[in-house]
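Open the model in your viewer and keep the selection tool at hand. Each stop below gives something to select and then says what is there.

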Amino acid sequence: MVGRPRATVAAMASYRPGKSAAQAADEHGLDEAVKLASNENPYPPVPSIVAAVAAAAGDVNRYGDHRAAELRAALAGWLDVDAERIACGCGSVGLLQQLFLAYVDPADEVVYPWPSFEAYPVDVAITAATEVAVPLVDEAFDLDAVAEAVTPRTKLVVLANPNNPTGTAVHVDDVRRLVERVPDDVLVVVDEAYREFVTTDLGDPVHDLQPDHPNVVVLRTFSKAYGLAALRTGYAIADSTVVAELDKVLIPFAVNHLAQVASLAAIEAADEARAVIGRLVAERDRVVAALRADGWNLPDAHANFVWLPLGERTDALYPELERRGVVVRPFPGVGIRVTIGTPAENDRFLAVLAEVATAG
Ligand SMILES: *Cc1c(COP(=O)(O)O)cnc(C)c1O
């Protein structure tokens with residue numbers, strides 16, 4: 001080993017992104033495969049976004065606007081909040097890492113339900129924090145247990161709502177009860193990467209919670225619903241003092257120019273995007289109904305994926321799906337997460353699943 005990496009980094013596993021469809025097809029000698037593993041939008045962004053990015057491509061010799069001032073202003077108008085309450089980041093995972101860098105010292109505790117988004121333990125490891133993982137109950141958050149896990153060492157509580165990978169969700173009133181039990185110098189981060197896919201009324205932490213509780217931080221993204229995953233553009237709505245700390249640890253120009261252009265265009269095209277989201281939600285509901293009709297037991301799905309809590313069966317089933325060209329996301333020993341794709345992709349998943357396994 002060259003150099004002396006920090007012990008906490010040396011001990012970390014490398015990030016392993018899911019297999020692409022092409023890699024899986026290659027590996028298993030198939031003509032083609034489908035990737036339903038990363039919760040991406042299967043549809044390209046709406047044409048006005050593509051056109052805006054194409055038109056801006058010639059400007060990339062200059063640095064973009066580090067502060068993304070125009071985007072912050074547009075988000076503020078869109079969300080009806082003050083612009084000082086908006087931070088932009090290199091994806092919402094970038095903002096999450098900024099939160100850790102700004103707020104978490106070594107050995108500080110970070111509390112989150114588990115299983116949840118796999119970026120959280122990575123940031124725990126990078127900052128040498130102490131993870132306090134609170135087990136889910138029936139695939140859903142146990143918010144009483146989350147509140148009880150908070151100690152004087154806790155700096156952050158992180159809730160993915162809807163949760164990844166289980167797709168379960170909680171109402172803002174439940175989050176409020178949690179926040180009321182947490183000291184007000186602990187940040188409660190509500191990661192709403194999938195908010196746009198929610199079709200039941202869960203309330204809005206920005207307008208229902210933040211006015212009373214400035215320690216609530218909301219993270220959102222253009223990656224999933226708006227189909228801009230590759231451009232890396234996320235945003236936070238938070239107290240202006242939290243935004244100021246986040247901005248200090250933002251890598252210069254990490255919110256790149258094309259990401260800013262695309263996000264502005266996405267706000268303009270929000271109505272068109274809603275039509276795409278509606279198609280995905282209808283497909284999600286169709287897939288859930290089909291799986292239940294086949295006898296599979298799965299929680300209500302609030303995001304753009306479904307969760308099969310297969311436990312020990314996961315490890316045997318996952319490779320069978322991949323061998324037949326359906327790449328999904330396994331959580332070894334726990335379950336399989338399947339992203340909602342196009343209707344044809346979803347049909348292929350359902351057919352392949354029925355071929356390799358029966359429910360029960
Ligand atoms: C996909 C995902 C994100 C991702 O976001 P980017 O904005 O692309 O960085 C954040 N949180 C959760 C829970 C996710 O599943």
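The tour goes from the ligand to the sheet, then to the helices on the sheet and a single threonine.

Before you start, note that this is a predicted model, in which local features need pLDDT of at least 70 and side-chain atom pairs count only at pLDDT 80 or more, while totals for chains, interfaces and linings use all residues. Residues are numbered from 1 along each chain as its sequence is written, and side-chain values use heavy atoms, with hydrogens and water left out.

**Stop 1: the ligand**

Helices (H or I, at least four residues) and strands (E, at least two) are DSSP runs, numbered from the N terminus.

Next, show the side chains of Asp191, Thr221 and Lys224. An N or O atom in the side chain of Thr221 is 2.5 Å from an oxygen atom of the ligand. For Lys224, the distance from a side-chain N or O atom to a ligand oxygen is 3.4 Å. Asp191 has a polar side-chain atom 2.7 Å from a nitrogen atom of the ligand.

**Stop 2: the sheet**

Select the seven strands of the open sheet, whose order is E2-E8-E7-E6-E5-E3-E4, with mixed pairing. Two strands pair if DSSP finds at least two bridges between them. Which strands pair on one side only? They are the edge strands, E2 (86–89) and E4 (130–135).

Zoom in on E5 (residues 154–160) and E6 (residues 187–191), which pair in the parallel sense over five bridges. Leu159 stands opposite Val190 in E6.

**Stop 3: helices on the sheet**

Select helix H8 (residues 172–180), which packs on the sheet and touches E5, E6 and E7 (216–221). Then select helix H10 (residues 240–248), also packed on the sheet, where it touches E2, E6, E7 and E8 (234–237).

**Stop 4: Thr8**

Finish at Thr8, in helix H1 (residues 7–10). Leaving aside neighbours within four places in sequence, Thr8 is in contact (heavy atoms within 4.5 Å) with Ala125, Ile126 and Ala128. A polar atom of the Thr8 side chain lies 2.4 Å from the backbone oxygen of Ala125.

Terms used:
Polar contact = N/O pair within 3.5 Å; in protein donor to acceptor, adjacent residues only side chain to side chain. Axes fitted to C-alpha atoms, helices over the stretch in contact; angles between N-to-C directions.
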